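Let's work through a protein model together, one question at a time. Have a look at it first, and then we'll get into the details.

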Amino acid sequence: MIISLKQAISTTPKCSSKITDHRTNSPTKSLIFSTPKIKKLSIVTNSKPLHVSSLQSFGPLRKFESCKAYEAGGDVVENTEAAKRVKIGFYFATWWFLNVIFNIYNKKVLNAFPYPWLTSTLSLAAGSAIMLVSWASKVAEPPNTDVEFWKALFPVALAHTIGHVAATVSMSKVAVSFTHIIKSGEPAFSVLVSRFILGETFPTSVYLSLLPIIGGCGLAALTELNFNMTGFMGAMISNLAFVFRNIFSKRGMKGKSVSGMNYYACLSMLSLLILTPFAIAVEGPKMWAAGWQNAVTEIGPHFIWWVAAQSIFYHLYNQVSYMSLDEISPLTFSIGNTMKRISVIVSSIIIFHTPVQPINALGAAIAIFGTFLYSQSKQ
């Protein structure tokens, strides 16, 4: 390469280049190659790399049609970072909005049709159908999976199914705000499971952040006007199940090149296969038919829209959350999840006119603040 470059220089009539100092906007040096004789060349830049543009032939270099040297500025990097921040902000806003809509319609459905096992099944079925149609129509690229992928996904799907059903059972018994206050205690379950089952250790600040989480959740539960033990235990089981889902996901999906959107689609399909027989055994078609008839009689055709909306928005908000996880760190995702709960709690209190005592609101605020501290201390 060195020999051919010297040959090219010897046969090149002339190549000139001006370097402009961006700090003074004035030309600094002009480089001219006109003879085979190569003198000492010194170009000094303090920080930025030197780029050569429009190098049109390389091999036996016959000529340089345009040889321009310039310093790479920081504008491209800044624009890229700004675009990334806008993209993440859009994901977060969409995620929170879709989650709020899902919780509203889910609670409306459960108030009129108190069958959480079927409601959970319909949510997974809607998501599976959406993704199958997307793959078939080439709107989304189908994932490249194998048997090992599905084996690794099975424990994740099992934990996801349990967590999903338990959260739905909870919301069928208590207010949406109360369910999400209890679910904000998920970091405490994560630390305890990781410490006593997996043997992991954490900094002291992480353990200290659990105190406001546990204390806030306990205060909110004790002062909840519509407390229900089934609803409380459903939220607690959901916390534990989702912790194991995250653990299994980290262990089983290493090295798997599946996008966040397709990963959640596969998770929904496998969870649907796991949940359907249990939903039939626990509730059954006879109960569903009678409950459906009563709901349509009381609510009217709007009930069908409610069911469709809660099913579709459940898939969409989860899909966007997994897509955002492709773009951000787990810490940022955890903070976003905390802020999501705040939006759900506040919106559900406003829409459903949930009575909240000041001490109850204080407990919720303490628990959520503890979750934020946990996210920071994990960094």
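Q: Is Glu 186 buried or exposed?
A: Keep in mind that this is a predicted model. Buried means under 20% relative accessible area. Glu 186 has a relative accessible area of 14%, so Glu 186 is buried.

Q: Which residue forms a salt bridge with Glu 186?
A: Side chains of opposite charge can pair when their charged atoms come close. For a salt bridge, the nitrogen of Lys or Arg has to be within 4 Å of the carboxyl oxygen. The closest N and O atoms here are 3.9 Å apart, and the partner of Glu 186 is Arg 341.

Q: How many residues apart are Glu 186 and Arg 341?
A: Glu 186 sits in helix H6, while Arg 341 belongs to helix H12. The pair links distant parts of the chain, and the separation is 155 residues.

Q: Which helix do Glu 148 and Lys 151 both lie in?
A: Their side chains meet in a salt bridge, at 3.9 Å from N to O. The two are three residues apart, about one turn of the helix, and that helix is H4.

Q: Is Lys 151 buried or exposed?
A: Exposed means over 50% relative accessible area. Glu 148, at 47%, counts as partly exposed. Lys 151 has 54%, so Lys 151 is exposed.

Notes: Residues numbered from 1 in each chain as written. Predicted model: local features only at pLDDT ≥ 70, side-chain atom pairs only at ≥ 80, totals over all residues. Heavy atoms only, no water. Helix = DSSP H or I, 4+ residues; strand = E, 2+ residues; numbered from the N terminus. Buried < 20%, exposed > 50% of the residue type's maximum accessible area, 1.4 Å probe, protein only.
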